[in-house]
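The sequence and the structure are shown first, and the description follows.

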Amino acid sequence: AAAAAAAAAAAAQMLTPTKSARAPPSSSQPASASNPLPSTPSTANEASSSSLLAQTRAAGALRQVTEDEGLRDQVVEAEAMKGLLALCQLPAATASTAHLEAAGALHQLANQPPGKEQLLFCSAAPVLAVLLTPESSSAPVMGNALAAVAHACTHCAVNSPGTILQQAATGFVPLQDQMGASGVVAKVVAVCEGLAAEMHGQALAALAALTLQHATNARLAARAGGPRAVVELLKRRGEEVVLANGIKALHAMAAAENFNAREAMALGVTARLLGLKRESESEVVRELATALLEELGVHAAVDHLGRVLITNRLLLAAPYHLQAQKVVATVGLHLAALRSCREMLREALVGERRLVGALVEVALRDCLSFDPALAPGQQGGATGGIVAAPERAGGEELLLEALRHMEQLHAQFAAAVSLADVLAMAMAVSVERGGGPALTMRYGRKDERGVGE
């Protein structure tokens with residue numbers, strides 16, 4: 001470990017950009033020991049070539065050192081990051097091997113929190129964006145750059161190429177911001193659209209990491225053609241990690257751009273997701289497919305011949321009051337109302353961020369009225385009863401305002417959705433909008449007698 005640390009420090013020193021050499025003397029000045037003649041072009045080129053070879057070998061040494069997880073922090077402490085990034089900015093025509101070694105080291109360093117911080121501090125995103133350009137990088141260099149993006153943008157319990165996002169809980173927002181502002185998102189989408197199949201897995205991992213709980217990057221990806229590119233890969237690929245990361249990226253884009261079942265059907269992804277939900281051997285893929293189908297508003301049913309149908313394909317393209325005129329089934333009306341209500345809640349919270357915490361508290365206060373000692377039907381709980389007893393809001397003006405908003409929203413869907421369900425949905429949407437996890441909700445609560453009438 002000590003020898004490796006010393007080698008890392010020495011290699012980092014070799015990569016440290018040196019100050020520019022003193023300007024050559026003018027032709028009017030005679031040559032002397034203190035004022036030598038300028039170097040000829042050939043000797044300058046030889047020196048440049050020798051320097052590049054030495055730096056390439058130094059980057060290769062750092063790449064080998066960083067393969068040991070326990071030594072990566074020492075490479076960061078040796079301040080090698082700036083040198084690696086500088087090496088990546090040399091012309092690809094003369095430095096392709098240097099790019100490969102340096103990008104490989106960046107990929108490994110991005111696994112560790114100190115490495116992520118250094119990538120942020122050194123503004124690595126523009127450099128990675130250049131490495132992701134097919135005209136200036138080889139496939140192996142782009143693969144390392146994609147892996148660096150994927151690792152840098154996530155905080156994972158297990159951070160390896162095989163589980164890059166299955167174990168991820170949160171994104172590293174500062175680097176996600178920097179990547180989005182530097183055009184990395186569009187470059188990754190372009191790789192997903194490309195024909196280089198060996199890079200598709202890493203590209204999907206990078207796209208999922210860039211969009212993980214990051215609405216701005218998800219919108220950038222969606223507008224760059226991300227949904228269509230991802231759907232095409234989901235149709236062609238069957239590996240668990242590829243499918244998982246692809247579904248995660250698609251889910252993020254669907255949530256950010258609010259595209260629904262009709263748009264998903266136009267892309268041809270609904271049948272694939274329904275098939276994965278039923279038949280995938282991976283529990284992770286089945287769960288992710290189910291969550292995305294719920295986000296899109298797609299629910300499968302089986303007819304009398306055993307054929308899978310998408311029962312609410314007509315329910316998501318028009319406002320609820322128009323859907324209600326066309327759809328007779330009670331279940332269909334309920335699904336349409338829930339979907340419309342959720343979309344209205346999301347839109348409302350974009351402009352009323354101050355209500356996020358208040359809506360969560362209102363729903364919790366509604367639940368806290370539960371008393372098991374009372375007779376069935378009178379026990380309270382999540383029944384919307386807080387409307388009939390506003391004093392349970394504690395007299396706080398913000399909570400009362402949030403409650404009024406929910407009553408007004410419920411009035412539009414009272415025929416199909418209970419106020420208790422609206423309050424529970426508002427809590428779930430608020431948690432998600434506040435940066436928390438997406439909550440899986442069950443609906444069908446009944447209101448207290450007199451509530452909503």
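## Terms and basis

A residue is called buried when its relative accessible area is under 20%, exposed when that area is over 50%, and partly exposed in between, using a 1.4 Å probe and protein chains only. The model is predicted: local features need pLDDT of at least 70, side-chain atom pairs count only at pLDDT 80 or more, and totals for chains, interfaces and linings use all residues. Residues are numbered from 1 along each chain as its sequence is written, and side-chain values use heavy atoms, with hydrogens and water left out.

## The chain as a whole

The chain contains 22 helices and four strands; these are DSSP runs numbered from the N terminus, with helices (H or I) of at least four residues and strands (E) of at least two. Of its 453 residues, 45% count as buried.

Among contacts (heavy atoms within 4.5 Å) with a separation of 6 or more, 66% join residues 24 or more positions apart.

## Cysteines

The whole structure has zero disulfides, a disulfide being a pair of cysteine sulfur atoms within 2.5 Å. Cys367 counts as partly exposed because its relative accessibility is 36%, whereas Cys341, at 0%, counts as buried.

## Packing of H11 and H14

Helix H11 (residues 200-211) packs against helix H14 (residues 240-257) at an angle of about 35 degrees, and their axes are 8 Å apart. Axes are lines fitted to C-alpha atoms, for helices over the stretch in contact, and angles run from 0 to 180 degrees between N-to-C directions.

On the H11 side, the residues in contact include Leu204, Leu207 and Ala208, and on the H14 side they include Val242, Ala249 and Met253. The residues of this contact divide into eight nonpolar, four polar and one charged.

## Two individual positions

Glu101 lies in helix H5 (residues 92-109) and counts as buried, because its relative accessibility is 18%. Apart from neighbours within four places in sequence, Glu101 contacts Thr56, Ala59, Gly60 and Arg63.

Ala414 occupies the loop between helix H21 (397-413) and helix H22 (419-433). With 39% relative accessibility, Ala414 counts as partly exposed. Its C-alpha atom is separated by 9.1 Å from that of Ala337, 77 residues apart along the chain.

How values were computed. Nonpolar A, V, L, I, M, F, W, Y, C, P; charged D, E, K, R; others polar.
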